There are 2 protein chains.
Amino acid sequence: MENCEFCKIRSKAVETLTQDEVQLLQENCAEVDLVADENIIKEGSLSSHIAYLKEGLAKIHKKGVKGTDQILKIVQPGSYIGIQTVLTSKVHQYSASAVENSKVCYIDITSFKQLLSTNAAFAKELVIYLCQDELSYFNRFVNVHQKQLDGRMADTLLFFADEINKSRIFTIPLKRYDLAALICSTRESVTRALKDLSDIGTIKVNGNSFEILNYELLKKISEKG
Amino acid sequence: MENCEFCKIRSKAVETLTQDEVQLLQENCAEVDLVADENIIKEGSLSSHIAYLKEGLAKIHKKGVKGTDQILKIVQPGSYIGIQTVLTSKVHQYSASAVENSKVCYIDITSFKQLLSTNAAFAKELVIYLCQDELSYFNRFVNVHQKQLDGRMADTLLFFADEINKSRIFTIPLKRYDLAALICSTRESVTRALKDLSDIGTIKVNGNSFEILNYELLKKISEKG
DNA sequence: GATTAAATGTGACTTTAATCACTTTTTTTT
DNA sequence: AAAAAAAAGTGATTAAAGTCACATTTAATC
């Protein structure tokens, strides 16, 4: 399925386009299948395309001074990836990788910029998108610094349960060291945090399979920090 | 000086406006003088206006689970404040306060939205603005988590020296507890970090007056973390 | 200028989570 | 299925920074 017009998951921005504009997008857009762990964009490489996640799940990650990657966010279908770089830098400022098998559309930057320059409604929707995205980082920034480990772990579990899987029984397609990079901790501490939450009966853990047993308590731990 | 047309510090976005549009802006815009510590916008309050910092210096801050504020960023003239909320929420998601005497223009949201909807060039400049802003937070997020205290303190000193004051002798118009909220630490630890940096001869501290004595070393501490 | 209040500095102590070293389990490869 | 590699778990130890309690300095107010 390579047709933008009938794309099941068109962004609000793309919804604003005229038929001609969709045509332009279509012609400068390539759909790619990715398996888990494959790179979507790579920090430091030339940014010739924006990626749009159509299916699957991806992580946004960025190298820090220690040399290890920090996961900035887990993104779901309907997310633009690499968009922040396009208009301001020639080089991607962060990486993104599939964390499960995914479909991604690569949109040529030049065409994207053209749409942005000529269609105010399109640009407006992007502004909205970016604002929401940024606000989510504000929350994350503050939370990550004021909550301790178990609280951050609880946050992440609730995120995967409520936002991603919409179920109290779910799997997290991340290794322990990825979870660590996500909650700003270490592999060992992730193990311990999960054990803590397990011990008090909030969750059941089995490898990457999780079940929330006491949602209220988990929520309380997430909120209390 | 209440005239947008002759505003000394018009944003790139406003540069794109036609005379009529500037006129619209003008009519829905109010300039306000603020003294240090005054609120610009307040988290949780209705967002009827966007603020544009014309003169001075401001902090963007947000309440965390602990009940204390975290400083997200120090912003300079030319920054939009509260813009992320305008299109997505009725209520401000963060606060902003002047950290020194400042001038702010409050722009009515409705007019702002109107410009956004009708002028693609305006919207595009905002997209660029937001992208740059978000990227700066990515850096901050990763740095704050991978650097330890002295590194973060060094970052902040370099920021005030290089970005804000463009001099190795400068003052920081923040209390120690504000510095703590900025580098994600505590008042006491700020004192100690400054002492550390002082002891090894990188800086000279006297209240809020600072001098960088060994720029290279400070840079190294900032980079090494 | 004295008094009060706010801000900052300092040492002792505690807590949290990182690090290290090693074991066990799971997954992948041959 | 065996061997190798990767991932995850575990206990002991360490380190970094937070907390607490109090002293000192600076600024504000009467």
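Reader: What makes the approach of the Lys147(B) side chain to the backbone oxygen of Ser222(B) a polar contact?

Author: In this predicted model, the side chain of Lys147(B) reaches that backbone oxygen of Ser222(B) at 2.7 Å. A polar contact is a pair of N or O atoms within 3.5 Å, where within protein one must be able to donate a hydrogen and the other to accept it, and residues adjacent in sequence count only if both atoms are side-chain atoms. Lys147(B) itself lies in the loop between α5 (120–146) and α6 (149–165) of chain B, where helices (H or I, at least four residues) and strands (E, at least two) are DSSP runs numbered from the N terminus.

Author: As for the ground rules, this is a predicted model in which local features need pLDDT of at least 70 and side-chain atom pairs count only at pLDDT 80 or more, while totals for chains, interfaces and linings use all residues. Residues are numbered from 1 along each chain as its sequence is written, chains are lettered from A and ligands numbered from 1 in the order in which they are written, and side-chain values use heavy atoms, with hydrogens and water left out.

Reader: Is Lys147(B) buried or exposed, and how do you know?

Author: Buried means under 20% relative accessible area, exposed over 50%, and partly exposed in between (1.4 Å probe, protein chains only). Lys147(B) has a relative accessible area of 7%, and therefore it is buried.

Reader: Why does Gln84(A) count as buried, and which side chains does the side chain of Gln84(A) meet in polar contacts?

Author: Gln84(A), found in helix α3 (residues 83–86) of chain A, has 2% relative accessibility, so it counts as buried. Its side chain makes a polar contact of 2.4 Å with the side chain of Tyr94(A), and another, of 3.4 Å, with the side chain of Asp133(A). If contact is taken as heavy atoms within 4.5 Å, and neighbours within four places in sequence are left aside, Gln84(A) also touches residues of chain B, including Cys131(B) and Phe138(B).

Reader: Why are α6(B) and α8(B) called roughly perpendicular?

Author: Their axes come within 9 Å and cross at roughly 80°; axes are lines fitted to C-alpha atoms, for helices over the stretch in contact, and angles run from 0 to 180 degrees between N-to-C directions. Angles under 35 degrees count as roughly parallel, over 145 as roughly antiparallel, 65 to 115 as roughly perpendicular and the rest as oblique, and therefore α6(B) and α8(B) are roughly perpendicular to each other.

Reader: What is the angle between α4(A) and α5(A)?

Author: Helix α4 (residues 109–118) and helix α5 (residues 120–146) of chain A pack at about 105°, with their axes 5 Å apart, so α4(A) is roughly perpendicular to α5(A). Among the residues that meet there are Phe112(A) and Leu116(A) in α4(A), and Phe122(A) and Leu126(A) in α5(A).

Reader: What makes Asp37(B) exposed, and what is its phi?

Author: Asp37(B) is at 59% relative accessibility, so it counts as exposed. This residue lies in the loop between β1 (29–34) and β2 (39–41) of chain B, and its phi is positive, about 85°, although it is not a glycine.

Reader: Where is Lys166(B), and why does it count as exposed?

Author: Lys166(B) is in the loop between α6 and β9 (169–171) of chain B, and at 65% relative accessibility it therefore counts as exposed.
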